[in-house]
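Let's take a walk through this structure together. Have a look at the whole thing before we go into its parts.

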Amino acid sequence: MPNYKLTSFPLCPYVQRALIVLAEKEVPFERVDIDLANKPDWFLKLSPLGKVPVLEADGHVLFESQVIAEYLDEVTQGSLHPADPLQKARHRAWIEFASQALATLWGFYTVDTAEEFEAKRTALLEQFARVAEQVEGPFFTGDQFHMVDGVWGTVFRYIQSFENLGDFDFYQGSEKLRNWHDAVLARQSVIDAVPADYHEQLLAFVKNRNSYLATTIADKAAA
Ligand SMILES: N[C@@H](CCC(=O)N[C@@H](CS)C(=O)NCC(=O)O)C(=O)O
């Protein structure tokens with residue numbers, strides 16, 4: 001197996017996507033965390049998009065989390081995708097949908113006004129209602145954990161943190177979504193993909209941005 005080095009940032013959901021596959025497939029690797037607010041020169045030279053994760057495989061540079069995840073899945077025993085090509089394509093389609101949900105979530109915790117915030121919350125509810133129609137339970141397609149579950153785990157982790165801050169009704173009472181959320185977040189590879197103080201670090205990040213969500217947290221603390 002090549003020598004792997006992963007360049008990361010502890011809060012990044014896309015880094016978690018790579019870490020979950022590395023853990024599920026028991027791949028040894030070296031990890032280097034960087035400060036995204038102050039990117040080192042060596043990283044800017046390495047990463048064509050200036051984004052993490054970057055995986056170096058015997059010095060060959062791979063970027064884009066899904067490319068990295070698919071590569072790691074291909075070069076190791078077994079697969080985190082279903083064998084059937086149609087099912088595999090479905091899983092990949094819903095992985096792309098998770099990336100869209102992550103983009104909406106970014107808006108949810110960074111926009112400045114109540115109106116923008118509510119628009120992001122509504123968009124999220126619609127995205128969750130849509131994916132809920134596809135979930136078999138306990139995981140996306142039954143008892144087996146797949147790559148699609150790990151990717152949605154990076155979405156559910158934000159939800160877990162934000163549910164501590166207020167009642168945003170993300171799952172609108174859907175038991176199927178709640179059970180999927182619980183099953184995925186209980187998976188060891190998903191637990192280990194972030195530091196133990198992830199929630200505190202995320203809160204500090206949100207507060208630093210002075211977003212609408214940050215002001216609601218501050219108002220709640222002051223009340
Ligand atoms: N599509 C990329 C997204 C990666 C991404 O957005 N990474 C963020 C951190 S979570 C980043 O490195 N941002 C730095 C920047 O945009 O300057 C992937 O899937 O790898």
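Accessible areas here come from the Shrake-Rupley method with a 1.4 Å probe, and for residues only the protein chains shown count as cover. On that basis the protein chain has an accessible surface of about 11,000 Å², and carbon and sulfur atoms own 51% of that. Before going on, note that this is a predicted model, where local features need pLDDT of at least 70, side-chain atom pairs count only at pLDDT 80 or more, and totals for chains, interfaces and linings use all residues. Residues are numbered from 1 along each chain as its sequence is written, and side-chain values use heavy atoms, with hydrogens and water left out.

Now for the overall build. The protein chain has 10 helices and four strands; helices (H or I, at least four residues) and strands (E, at least two) are DSSP runs, numbered from the N terminus. Starting at the N terminus, the order is β-α-β-α-β-β-α-α-α-α-α-α-α-α. The radius of gyration is 18 Å, close to the 17 Å that the globule rule gives for 223 residues, so the chain is as compact as a globular protein of that length. (That radius is taken over C-alpha atoms, and the rule is 2.2 Å times the number of residues to the power 0.38.) Along the principal axes, the C-alpha atoms fill a box of roughly 55 × 45 × 25 Å.

How much of the chain is buried? Of the 223 residues, 48% are, where buried means under 20% relative accessible area, exposed means over 50%, and partly exposed is in between (1.4 Å probe, protein chains only). As for contacts (heavy atoms within 4.5 Å), 69% of those with a separation of 6 or more are between residues 24 or more positions apart.

Let's turn to the strands. Strand β3 (residues 54-57) is covered on both faces, with V54 and E56 buried on one side and L55 and A57 buried on the other. In a regular strand the side chains alternate between the two faces of the sheet. Two strands count as paired if DSSP finds at least two bridges between them. β3 pairs with strand β1 (residues 4-8) in the antiparallel sense over four bridges, and there V54 is the bridge partner of T7. β3 also pairs with β4, antiparallel over four bridges, with E56 opposite V61. The β3 and β4 strands make a hairpin with two residues between them, and D58 in the turn has a positive phi of about 50 degrees.

On to the helices. Helix α7 (residues 175-185) has L177, W180, H181, A183, V184 and L185 buried. Their cover includes α5 (114-132), α6 (147-163) and α8 (188-191).

Finally, the charged pairs: the structure holds six salt bridges, each a side-chain nitrogen of Lys or Arg within 4 Å of a carboxyl oxygen of Asp or Glu. One of them joins E70 and R92, whose closest N and O atoms are 3.0 Å apart. E70 lies in helix α3 (residues 65-74) and R92 in helix α4 (residues 85-110), so this pair ties together parts that are 22 residues apart in sequence. E70 is buried at 13% relative accessibility, while R92 is partly exposed at 36%. Another salt bridge is between E163 and R178 (2.6 Å, N to O). This pair links distant parts of the chain, with E163 in helix α6 and R178 in helix α7, 15 residues apart.
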